[in-house]
Amino acid sequence: MIELLLKCLELFVTFFKIGLFTFGGGYAMLPLIQQEVLNKEWATQAELINFIAVSESTPGPFAINMSTYIGTEQAGFLGAFFATLGVVLPSFIIILIVAKCYEKFQSSKIVKGCMSGLKPCVVGLIGAAVVSIATTVLFPSGITLSAFSEVNIYISLAIFALMAVLAFKKVHPILIICMSAAIGIAVGYGLNLKV
Amino acid sequence: MTKREKLKRCLSLFLTFLKIGGFTFGGGYAMIPLIQKEVVDNKKWVTDDDILEIIAIAESTPGPIAINSATFIGYKTCGFFGSFFATLGVVLPSFVIIMVIAFLLSGFAEITAVKYAFFGIRAGVLALLLKSFWGMFKKCPKNAVAYSVAAAAFVASILSLNTLIIIISAAVIGLVSSFIALKREAQQK
């Protein structure tokens, strides 16, 4: 019982931190989630990537999906509740404050100054996250010379290249995920891949 | 507003944001058009100008845009309780759906077909992330300080420096450099 409560507290604090320090929408949260969740061994990088696909194909914001998922995996319903509460609370409180003094906030030189550093920082962080995820996708068991002789990496590269073209042509993300899954299954069984 | 009216308004906020939370895929800015349709066109709780305000605020406050906008619109419409019920509404659909999926996923993960499917999906997700990164890169301010901060954050993150430290340093650098720029402007005048 006490163990469960401690876990819930840890989930709450961790996701509160993630909620408080994520600026910008979409995947801006990814670098922080990656750091916290991988360090605490709540999920592996591959599981994280799988879950990005789940999150893209279900309604709702990435942050809520992620906190609910990790919370459930770690401590069932209570875990999901506290993780989600944690990720929501910072925005909730800050917006309540900002809504009361919007004019001041909008014209604040301090806010503008901080944002001028935060915006490019998030771009750099996401860039690094993409690189680390690319490494996991292409070299699941680490970068070694023998990894290049495996057929998996070339299949992954081919799927990635095809889907990147489709993504930039504005094909819907859910369609991209479905097609990637179909190709994965077809090629997997066809070549009897080890994944 | 009487107590009864207030209660009705809160319930209506809850249901509207429940619908918004249940029908936007991908989150983030994908939610804005639906919010606009529901709370500006249908319910007339806020105006188009308010929506622009919300986007501006969401961009300079932490947390997901969905939560930011639900809290803000709820507050404008019906004070603290409004913001509470709107936020609860927008969170609930994801929460329920993902809990169900989390229970299912752990049971299905070992099936060969599912493993193959996720093998393909991971490569697809990489493509989606790359596109999302490109979109953010294009929106990034274009000046020497911004480029240096982005490059420094990238390198620091690759070297696995603590992400919180990177974020806080970037905010401080932005603050200092914008004040230096302001001072220079004042001196030139």
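Which residues does Ile126(A) touch, not counting residues up to four places away in sequence?

Modeller: Bearing in mind that this is a predicted model, Ile126(A) touches Tyr27(A), Ala28(A), Leu30(A) and Pro31(A) from chain A, and Phe133(B) and Met136(B) from chain B, when residues up to four places away in sequence are not counted. Ile126(A) also belongs to the largest nonpolar core, which has 117 residues, and together with Cys121(A) it touches the most other members of that core. The element that gives the most to this core is H4(A), with 18 residues.

Of the 195 residues of chain A, 53% count as buried, and among the contacts in chain A with a separation of 6 or more, 59% are accounted for by residues 24 or more positions apart.

Phe133(B) and Met136(B) lead from Ile126(A) to the other chain, and the contact between the chains takes 89 residues from chain A and 82 residues from chain B. On the side of chain B that touches chain A, at least two residues each come from helix H1 (3-23), helix H3 (48-59), helix H4 (65-108), helix H5 (112-139), helix H6 (144-158) and helix H7 (163-188) of chain B, and H5(B) gives the most, with 22 residues. Sorted by class, that side of chain B has 55 nonpolar, 21 polar and six charged residues.

The buried residues of H3(B) are Ile54(B), Ile57(B) and Ala58(B), and they cover an arc of only 95° around the axis, so they sit on the same side of H3(B). The face of H3(B) turned away from the buried side carries the exposed residues Asp48(B), Asp49(B) and Leu52(B). The cover over the buried residues of H3(B) includes helix H4 (62-100) of chain A as well as H4 of chain B, and H4(A) is also the element that gives the most to the core described above.

Note on methods. Residues numbered from 1 in each chain as written. Chains lettered and ligands numbered in written order. Predicted model: local features only at pLDDT ≥ 70, side-chain atom pairs only at ≥ 80, totals over all residues. Contact = placed C-beta atoms within 7 Å. Helix = DSSP H or I, 4+ residues; strand = E, 2+ residues; numbered from the N terminus. Nonpolar A, V, L, I, M, F, W, Y, C, P; charged D, E, K, R; others polar. Buried ≥ 20, exposed ≤ 12 C-beta atoms within 10 Å, placed from the backbone. Arc of directions from axis to C-beta. Core = buried A, V, L, I, M, F, W, Y, C linked by C-beta atoms within 7 Å.
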